Amino acid sequence: VADSCFITGPISTNMTFLDRFGSLDYTINNGTTNWSTDWGEGEVDGSPTAGNLQIGFDNVRGGTYTFKYSVTNWIRRQANLGVFTNASLSFDYRREKLDAGDALIVQVSSNGFGGTWSEVGRLTGAAADGGYSSTNYNIRNYMSTNTAIRFIGTNAMDATDIVWLDD
């Protein structure tokens, strides 16, 4: 068409994989894109409402559920990041009664649950936070069709050492 112009370019979108832990369920997808798997945990019961890994009510957070982590077990989830050009892992956390030497380790794998896990962060003690803090980790180097995230406690953690995770 005369005197017309067409401009094309890359399209940028923000897609999120999100679990707000707003209900007592490991299958929730609150983002614009669904997770590839549900949350899985290293405890035998596998329940989001029992044991040392559970979704519960934190009075500091207010009228919402959050994820409560204690002891040395792990919780993990997987997402397909293979079509994206950038990725970050962000969440809010509060440490409760962590002793020196206690830590919740944040890990990522680009080869699913059976792949090699790489530490991208660590929430350490001694600490007892009065409120929630936000953190963000660049996981671009781990993007794949089966990118997995995992939270795992150090051997020093016991049932009184708690880290709350949300959003």
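**Salt bridges, to start**

A salt bridge here is a side-chain nitrogen of Lys or Arg within 4 Å of a carboxyl oxygen of Asp or Glu. I ran that rule over the model and got nine salt bridges. Before going on, I noted that this is a predicted model, where local features need pLDDT of at least 70, side-chain atom pairs count only at pLDDT 80 or more, and totals for chains, interfaces and linings use all residues. Residues are numbered from 1 along each chain as its sequence is written, and side-chain values use heavy atoms, with hydrogens and water left out.

**Overall layout**

I looked up the secondary structure next. Helices (H or I, at least four residues) and strands (E, at least two) are DSSP runs, numbered from the N terminus. I found zero helices and ten strands, so the pattern along the sequence reads β-β-β-β-β-β-β-β-β-β. The C-alpha atoms fill a box of roughly 75 × 35 × 30 Å, taken along the principal axes.

For burial I used relative accessible area: buried is under 20%, exposed is over 50%, and partly exposed is in between (1.4 Å probe, protein chains only). Of the 167 residues, 43% come out buried.

**Asp19 and Arg77**

Back to the salt bridges. I checked Asp19 with Arg77 and read 3.3 Å between the closest N and O atoms. This pair links distant parts of the chain, with Asp19 in the segment before strand E1 (40-41) and Arg77 in strand E4, 58 residues apart. Are the two partners buried or exposed? Asp19 has a relative accessible area of 3%, so I put it down as buried. Arg77 is buried too, at 0%.

**Arg94 and its two partners**

I have both Arg94 and Asp58 down as buried.

The other is Glu96, whose side chain meets that of Arg94 at 2.8 Å, N to O. The relative accessible area of Arg94 is 5%, so it counts as buried. Glu96 is at 18%, which means it is buried as well. I also found a network: salt bridges that share partners join Arg20, Arg61, Asp92, Asp166 and Asp167.

I went through the backbone angles. The peptide bond from Gly125 to Ala126 is cis, with omega near 5 degrees. Ala126 sits in the loop between strand E7 (118-124) and strand E8 (133-138).

Phe21 has a positive phi of about 50 degrees although it is not a glycine. I placed Phe21 in the segment before E1, and it is buried, with a relative accessible area of 6%. Asp167 also shows a positive phi of about 50 degrees, again without being a glycine. Asp167 is in the segment after E10 and counts as partly exposed at 30% relative accessibility.

I checked one distance here. Phe21 and Asp166 are 145 residues apart along the chain, yet their C-alpha atoms are separated by 6.6 Å.

**The largest pocket**

Rolling a probe the size of a water molecule over the atoms shows where empty space is left. My pocket rule: on a 1 Å grid over the protein atoms alone, a pocket is an open set of points where a 1.4 Å probe fits, with protein on both sides within 12 Å along at least five of seven lines, and lining residues have an atom within 4 Å of a point.

How much space lies in the largest pocket? I got about 870 Å³, the volume being the space filled by probe spheres set on the points. There are 35 lining residues, and the closest to the centre are Met15, Thr16, Phe17, Ala87 and Ser88. Strand E4 (74-79), strand E5 (88-96), strand E9 (147-153) and strand E10 (162-166) each give two or more residues to the lining.

I sorted the lining by type and counted 21 nonpolar, ten polar and four charged residues. Nonpolar here means Ala, Val, Leu, Ile, Met, Phe, Trp, Tyr, Cys and Pro, charged means Asp, Glu, Lys and Arg, and the others, Gly among them, are polar.

**A nonpolar patch**

Last, the surface. Leu24, Phe57 and Tyr65 make a nonpolar patch of about 270 Å². A patch takes residues with over 30% relative accessible area and no salt bridge, joining nonpolar side chains (Val, Leu, Ile, Met, Phe, Trp, Tyr) within 5 Å and like charges within 9 Å; areas are Shrake-Rupley with a 1.4 Å probe. Tyr65 belongs to strand E3 (residues 65-70) and is partly exposed, at 31% relative accessibility.
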